[in-house]
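Here is a short report for a reader new to this structure. Take a look at the model before reading on.

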Amino acid sequence: MLDGKKILMFVDDVYEDLELWYPKLRMIEEGARVTVAGPESGKIYRGKNGYPCKADVSYNDVEEKDFDGLIIPGGFAPDKLRRVEKVLDLTRRFHENGKLVAHICHAGWIPISAKIMKGFRCTSTPGIKDDIENAGAVWIDEPVVVDRHMISSRRPDDLPVFCKAIIDFMSSR
């Protein structure tokens, strides 16, 4: 269903293991090419539960134009990544071009810091509900929320519907 589609994902230490690996493998299973970008190309980053993920590239070396969508895993990595201007610029460019911006759990911190949430309906872990609302979005407690090109989800238990929504969105473009 996603043959030829190219998806970018962010990684840094203390990412939520399932929120990176489940979507990555599902998108590959559907035929997409997934690129994981971290601070350093080739470096191994450890998830909250210790699972390793090797960055394919540095986010400093990629451009939005080379991808069809962005999936941002949660955990505590987004709190570090939201301070990196290149990460915020990439996220803004996906948004400005109407491409997929998908985030789960704490990953909403990155679109918040990229200042692209205003006027969107979305969800997240309840722990950042106030942050989302303060950024001008409407927070909804549902497993997955799709609003235009933004797809959001709350937690690992919601990964099946999160990934289905991403696949449906990407296959319709």
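Does Asp56 count as buried, exposed or partly exposed? The model is predicted, and in it Asp56 has a relative accessibility of 40%. Buried would need under 20% and exposed over 50%. Asp56 therefore counts as partly exposed.

Asp56 sits in a loop. That loop runs between β4 (52-54) and β5 (57-58). Setting aside neighbours within four places in sequence, Asp56 is in contact with Val34, Thr35, Val36 and Ser41. Ser153 is 97 residues from Asp56 along the chain. The C-alpha atoms of these two residues are separated by 25 Å.

## The whole chain

Six helices and 11 strands make up the list of elements in the chain. The radius of gyration is 14 Å, close to the 16 Å that the globule rule gives for 173 residues, so the chain is as compact as a globular protein of that length. The C-alpha trace spans about 35 × 30 × 30 Å along its principal axes.

Take the contacts with a separation of 6 or more: 63% of them join residues 24 or more positions apart.

## Surface and charge

The chain exposes about 7500 Å². Carbon and sulfur atoms supply 47% of that area. There are 26 positive and 28 negative charges. Their mean positions are 2 Å apart.

## The core

Of the 173 residues, 55% are buried. The largest nonpolar core holds 56 residues. Which members touch the most others? They are Leu8, Phe10, Met27, Ile71 and Ile166. Helix α6 (residues 159-171) gives this core its largest share, eight residues.

Phe10 shows what such a member touches. Beyond residues up to four places away in sequence, its contacts include Leu20, Ala37, Tyr59, Leu70 and Ile71. Ile72, Pro73, Leu81 and Val87 are also among the residues that Phe10 touches. So are Leu90, Thr91 and Ile110, which Phe10 touches as well.

## A buried strand residue: Ala37

Ala37 lies in strand β2 (residues 33-38). Its relative accessible area is 0%, so Ala37 is buried.

Thr123 is 86 residues from Ala37 along the chain. The C-alpha atoms of Ala37 and Thr123 are separated by 24 Å.

Note on methods:
Residues numbered from 1 in each chain as written. Predicted model: local features only at pLDDT ≥ 70, side-chain atom pairs only at ≥ 80, totals over all residues. Heavy atoms only, no water. Helix = DSSP H or I, 4+ residues; strand = E, 2+ residues; numbered from the N terminus. Rg over C-alpha atoms; globule rule 2.2 N^0.38 Å. Buried < 20%, exposed > 50% of the residue type's maximum accessible area, 1.4 Å probe, protein only. Contact = heavy atoms within 4.5 Å. Areas by Shrake-Rupley, 256 points an atom, 1.4 Å probe, with all protein chains shown as cover. Lys, Arg positive; Asp, Glu negative; His and termini not counted. Charge placed at Lys NZ, Arg CZ, Asp CG, Glu CD. Core = buried A, V, L, I, M, F, W, Y, C linked by side-chain atoms within 4.5 Å.
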